[in-house]
Amino acid sequence: MKSSMSFRILGTGSACPACVKTNEDLSSFLDTDDEWISSRTGTKSRHVSTTETLTEIAATAAKQALEDANIDAKDLDLIICATIQGDYITPSLACMVQKEIGAQCPAFDINAACPGFIYALDIALGYFARNKSSKILIVGTEMMSKHVDWQDRATCVLFGDGAGAVVLGEGDSLLAIKTTAKGELDILNIHGKNGNSPFSQHEKQDEFVHMNGQEVYKFAVISMCRDLKDVIAAAGLTEEEIDFVLPHQANIKIIETAMNRLKIPKERYYNNIERFGNTSAASIPILLDELNRSKRLQNGQNIAMVSFGGGLTTGAVIIKWQK
Amino acid sequence: MNVFEKVAEIIANHTDTPVADITMEASFEEIGLDSLDIVDLVMAMEDTFSVKIELSQSIKKVGDLVTVIESLKQ
């Protein structure tokens with residue numbers, strides 16, 4: 001779990017579609033209201049794509065991260081996009097971003113649902129460990145507005161669209177990382193495309209988010225606490241030594257319940273679910289970019305990131321900030 | 001303290017409901033708990049009684065929770 005040869009974060013970026021929809025906007029066509037949504041989820045508004053493609057917002061976040069890192073796209077050695085689905089089944093979103101920013105390196109997508117960004121950090125670690133790369137771009141990005149049923153008030157109010165990016169270079173910022181998966185279909189899923197094969201005898205399925213809220217909630221609280229404790233211990237730190245926790249922004253009640261079960265001071269958790277909703281793999285890199293851009297990060301600070309999602313997958317990481 | 005008394009005490013600590021108002025017949029809806037609050041309670045019960053409670057079991061009122069815990073403890 002612990003590595004001597006790793007990376008540091010050279011730059012961050014984020015981008016969202018321009019259109020913002022408030023809870024009031026959603027209650028104009030759904031039987032729900034602001035009080036219900038905000039008290040149960042913590043979300044007041046979310047960004048929703050109208051004309052922007054995922055490629056566009058991912059590339060904007062990537063360009064910001066490259067600028068912040070003072071790195072030219074041509075110097076990148078690898079691009080990884082963490083997403084459950086890009087604009088196309090093929091080319092991958094990472095190839096579309098590569099084209100958009102003018103990079104020339106290998107590029108591919110990974111799907112580990114919401115913890116995809118942490119999984120991508122773990123993959124990047126492997127490239128650095130075998131001296132295969134010296135500059136890696138990771139973009140966590142999602143357009144959940146394409147995957148929710150806008151007639152289902154229980155799910156569509158939860159999500160938002162966005163992208164967050166980091167550029168990694170050689171360094172020793174990564175103190176510990178952990179990923180897990182537990183094959184489980186029913187609790188959280190989105191069925192793939194049905195196609196129109198004349199030979200298919202598969203039953204047609206809808207292509208929307210299906211979720212058992214109670215089961216996800218329980219899994220999320222338990223895994224968040226377990227994974228945070230594990231990476232903090234693996235990093236040789238105590239809970240009091242964590243300067244910032246960036247939890248996946250799925251639901252504020254999940255985060256608050258986990259906070260009550262951990263010893264990390266509550267003011268060290270950074271949340272923005274109120275403005276973004278759940279942006280899946282984009283949530284953690286967007287949080288990180290907001291902290292970096294508002295100049296709240298100082299060298300030597302210990303940053304914990306923790307996530308959980310469909311799979312069921314989980315991930316947690318401790319980074320010592322050295323920019 | 002029997003299982004019901006302990007369960008009532010935990011629910012009272014999680015809500016503004018006085019212990020005296022928590023009966024076996026009281027539904028969680030009456031107590032003002034939504035589906036996610038019930039998960040919080042279930043997790044608190046698991047910690048307290050050292051049991052693992054399946055959420056798929058129908059837990060609508062206080063008595064349901066007490067029955068599940070008592071059966072798991074046997």
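This is a predicted model: local features need pLDDT of at least 70, side-chain atom pairs count only at pLDDT 80 or more; totals for chains, interfaces and linings use all residues.
How do strand β12 and β13(A) of chain A pair, and over how many bridges? Residues are numbered from 1 along each chain as its sequence is written, while chains are lettered from A and ligands numbered from 1 in the order in which they are written.

**View 1. Strand β13(A) and its two partners.**
Strand β12 (residues 302-309) of chain A runs antiparallel to β13(A), and the two pair over eight bridges. (Strands are DSSP runs of E, at least two residues long, and helices are runs of H or I, at least four; both are numbered from the N terminus. Two strands pair if DSSP finds at least two bridges between them.) Getting from β12(A) to β13(A) takes a hairpin of one residue. Look for A:V306, whose bridge partner in β13(A) is A:A316. Strand β8 (residues 174-184) of chain A also pairs with β13(A) in the antiparallel sense, over eight bridges, and here A:I177 sits opposite A:V317. Strand β13 covers residues 311-320, and nine of its ten residues are buried. (A residue is buried if 20 or more other C-beta atoms lie within 10 Å of its own, exposed if 12 or fewer, and partly exposed in between, with C-beta atoms placed from the backbone.)

**View 2. A:V317 and the nonpolar core.**
Set aside residues up to four places away in sequence, and A:V317 still touches A:I118, A:L121, A:L174, A:A176, A:I177, A:V231 and A:M305. (Two residues are in contact if their C-beta atoms, placed from the backbone, lie within 7 Å.) The largest nonpolar core has 117 residues, and A:V317 is among those with the most contacts inside it, along with A:A58, A:A62, A:V97, A:I138 and A:A304. (Such a core is a set of buried Ala, Val, Leu, Ile, Met, Phe, Trp, Tyr and Cys residues joined through C-beta atoms within 7 Å.) Domain 1 and domain 2 of chain A each give this core at least three residues. In soluble globular proteins, nonpolar side chains tend to be buried together.

Domain 1 takes in 6-173 of chain A, and domain 2 takes in 176-195 + 204-320. (These bounds come from an automatic or database domain assignment.) Their C-alpha centres lie 15 Å apart, and 44 residues of domain 1 are in contact with 41 residues of domain 2. On the domain 1 side, the elements that each supply at least two residues include β1 (6-15), α2 (34-41) and β7 (161-171) of chain A. The largest share of that side, seven residues, comes from α5(A). Sorted by class, the domain 1 side has 19 nonpolar, 18 polar and seven charged residues. (Ala, Val, Leu, Ile, Met, Phe, Trp, Tyr, Cys and Pro count as nonpolar, Asp, Glu, Lys and Arg as charged, and the others, Gly among them, as polar.)

**View 3. A:T55 in its helix.**
You'll find A:T55 in helix α3 (residues 54-69) of chain A. With 21 other C-beta atoms within 10 Å, A:T55 is buried. Apart from neighbours within four places in sequence, A:T55 is in contact with A:D87, A:L93, A:M96, A:V97 and A:E100. A:E100 is 45 residues away along the chain, yet its C-alpha atom and that of A:T55 are separated by 7.9 Å.

**View 4. Helix α9(A), mostly tucked in.**
Helix α9 (residues 283-293) of chain A has eight of its eleven residues buried, so it is largely enclosed by the rest of the structure. Among the buried ones are A:I284, A:P285, A:L287, A:D289 and A:N292. Just after this helix, A:K295 takes a positive phi of about 60°.

Chain B has four helices and zero strands. Its C-alpha trace spans about 30 × 25 × 20 Å along its principal axes, and 22% of its 74 residues count as buried. The contact between the chains takes seven residues from chain B and nine residues from chain A. The chain B side divides into four nonpolar, one polar and two charged residues.
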